[in-house]
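Please keep the sequence and the model open while reading.

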Amino acid sequence: MNNTLDKIFSNSTKLIAIGILLLVAWIFTTLFQNSMTSIQTFGFDFITETKWAPNLEKFGALPAIYGSVVSTFLAMILAVPLAIGVAIFLSELAPVKMKAPVGVSIELLAAIPSVIYGMWGLFYFVPIVRETVGGIGISMLTAGIVLSIMILPFMAAVTRDAMDTTPDILKESAYALGGTKWDVIKDIVIPYAKAGIIGSFILALGRAIGETMAVTFVMGNVHNISLDLTAPATSIPVTLANEFTEADSDIYYSSLFELSLLLLIISFTIISVAKFYFLRRGRMA
Amino acid sequence: MTQTKKRIIINKIIMTLSALSALLGIGFLLWILTILVTNGLDALSLTIFTEEGSPPGYEDSGLKHALIGQLYIVSYATFFGVPLGVLAGTYLSEYAGKSKIAESVRDISDIMMSAPSIVIGAFVYAIVVAPMGHFSGWAGSIALTIIMLPIILRTTDDMLQLVPSTLREAAFALGAPKYKVIVQVVYRGAKAGILTGILLGVARVAGETAPLLFTSFNDNFLNTDMSEPMASLTVTMYNYATSPYEDWQKLGWAAAFILSMFILSLNILGRLFIMKKKGK
């Protein structure tokens, strides 16, 4: 009796655990199968074609890919220095009494749903951009900035965690030699925590590139490649969010599925790089 | 200028810059929080909880439909996601250990935790919505279950591994079969940790919008039939906020406020459980 129950229990847990691997494989194959029509019709041109015209049944993903890359790049340029600043502040500079409350608040901010960052961006940040840099305010630049603020708490928290792994004894030895705080940070903390810090940046990049709601509000979903950052643009997730419920033909759906597949492959690659090269079983959540 | 002086000055400059960037970052975040709270409190009223959605311009409009829809979608996701996640985590920690298959499940789960949630929406659209022919609450719940699964799995795995093996050995010595040892001893020892994982998992999916856009879709009225399109707080928030009507936008802020408070309290509660555990 006990033996049978034991077998049932262990086998069902095993089944579910392996089910996770199958689920991921299923996600990839489903997206691939649903993209078949588009892949067969457009082939490799899908990625290089700049025209996205549903009415002409012509679909090119380049504007969306371009928008994803540029908005994420902007977000990273803005967020990385701020995140380093916050992390240095939290791990080395802040008085002990401030460390925990400020650190916890930052972590809690990372839990706020991204749709709220998007709403804030639309109502409060778009007007500011419109007045200061011109354009209609809904633009690539706005998307990059809102995205950078959205990933900042996550990035700062993981960077701080990485910095905090530096053993105190190493830092104290450096201080004893007469090092200033900056000397200790640049010669001890950063070299020691380098892998973790880079890993957390790449992980944040992986999250930012797949982020939908924070940018959907402020990007405009215009399939146009423009060097003007104040012009409306689109990205892969923004296109999906705006057009999935509107698609009216097989080829349209198929193209959207191919976009999803592209996005999944891109973020899987980025996150895997962060994980396998930099963060060995570190904190991912 | 001597070397030392130069180093001290550089130190001061960089420390000031770092404090400033911390201030700037925290300032932005405080700004968002203030806006959320002031707009939310301003829009909050009793009718929000008692009335369903109405066309713009009607005074008696509320979020009852979205609140109840959200409750349904997230509850079902929790109902599926928690047992599956806990059992899979149990396999990793108690049966598989460091085997190759366990390690790959862990790696894939870690990656899935950061994977774009909108892609999960597209997947569920293909396997549920398209065959059924229409959007449904079930589809939304399934999408959220998939997102929740790796979070619960990884925390369960971690938390079970923290249970001292002497506890297991003591139970085995009494002649208990393995499943009994796990259910009655190991789970109990890791209760607080598993609960925290569940709370964080629920908090995470409750804030998801992207995977619901084309699975559960939306409904401006109260619907409790999971096989029909269903409103959720997040999608309602998105639709109302992007509408040109001021009263709808206001409702959007109320939804944002309610949702954030819910998610923040789950997060704080989860932290308290873990802290209590550490204090012991």
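## Domains of the two chains

Chain A is divided into domain 1 (2–46) and domain 2 (63–278), with bounds that come from an automatic or database domain assignment. The model is predicted: local features need pLDDT of at least 70, side-chain atom pairs count only at pLDDT 80 or more, and totals for chains, interfaces and linings use all residues. Residues are numbered from 1 along each chain as its sequence is written, while chains are lettered from A and ligands numbered from 1 in the order in which they are written.

For chain B, the assignment gives domain 1 (3–43) and domain 2 (50–279).

| Domains | Distance between C-alpha centres |
|---|---|
| domain 1 of chain A and domain 2 of chain A | 29 Å |
| domain 1 of chain B and domain 2 of chain B | 33 Å |

In chain A, 10 residues of domain 1 and 9 residues of domain 2 make up the contact between these domains. Two residues are in contact if their C-beta atoms, placed from the backbone, lie within 7 Å. On the domain 1 side, the largest share comes from α1(A), with 9 residues. That side of domain 1 of chain A has 5 nonpolar, 5 polar and no charged residues. Here Ala, Val, Leu, Ile, Met, Phe, Trp, Tyr, Cys and Pro count as nonpolar, Asp, Glu, Lys and Arg as charged, and the others, Gly among them, as polar.

In chain B, the contact between the domains takes 6 residues from domain 1 and 7 residues from domain 2. The side of domain 1 of chain B that touches domain 2 has 4 nonpolar, 2 polar and no charged residues.

## Where the chains meet

The contact between the chains takes 69 residues from chain A and 70 residues from chain B. Helix α1 (residues 2–42) of chain A gives the most to the chain A side, with 19 residues. Helices (H or I, at least four residues) and strands (E, at least two) are DSSP runs, numbered from the N terminus. By class, the chain A side has 48 nonpolar, 15 polar and 6 charged residues.

Two packed helices are described by the angle between their axes and the distance between the axes. For α1(A) and helix α11 (residues 250–278) of chain A, the angle is about 115 degrees and the axes are 7 Å apart. Axes are lines fitted to C-alpha atoms, for helices over the stretch in contact, and angles run from 0 to 180 degrees between N-to-C directions. Residues that meet include Leu31(A) and Phe32(A) in α1(A), and Asp250(A) and Ile251(A) in α11(A). By class, this contact has 8 nonpolar, 8 polar and 2 charged residues.

Ser267(A) also lies in helix α11 of chain A. Ser267(A) counts as buried because it has 24 C-beta neighbours inside 10 Å; the cut-off for buried is 20 or more other C-beta atoms within 10 Å, with C-beta atoms placed from the backbone. Not counting residues up to four places away in sequence, Ser267(A) touches Gly206(A), Ile209(A), Gly210(A), Ala115(B) and Pro116(B).

## Chain B as a whole

Chain B has 12 helices and 0 strands. Its radius of gyration, taken over C-alpha atoms, is 24 Å, well over the 19 Å that the globule rule gives for 280 residues, so chain B is more spread out than a compact globule. The globule rule is 2.2 Å times the number of residues to the power 0.38. Buried residues make up 51% of the 280 residues in chain B.

How values were computed: A residue is buried if 20 or more other C-beta atoms lie within 10 Å of its own, exposed if 12 or fewer, and partly exposed in between; C-beta atoms are placed from the backbone.
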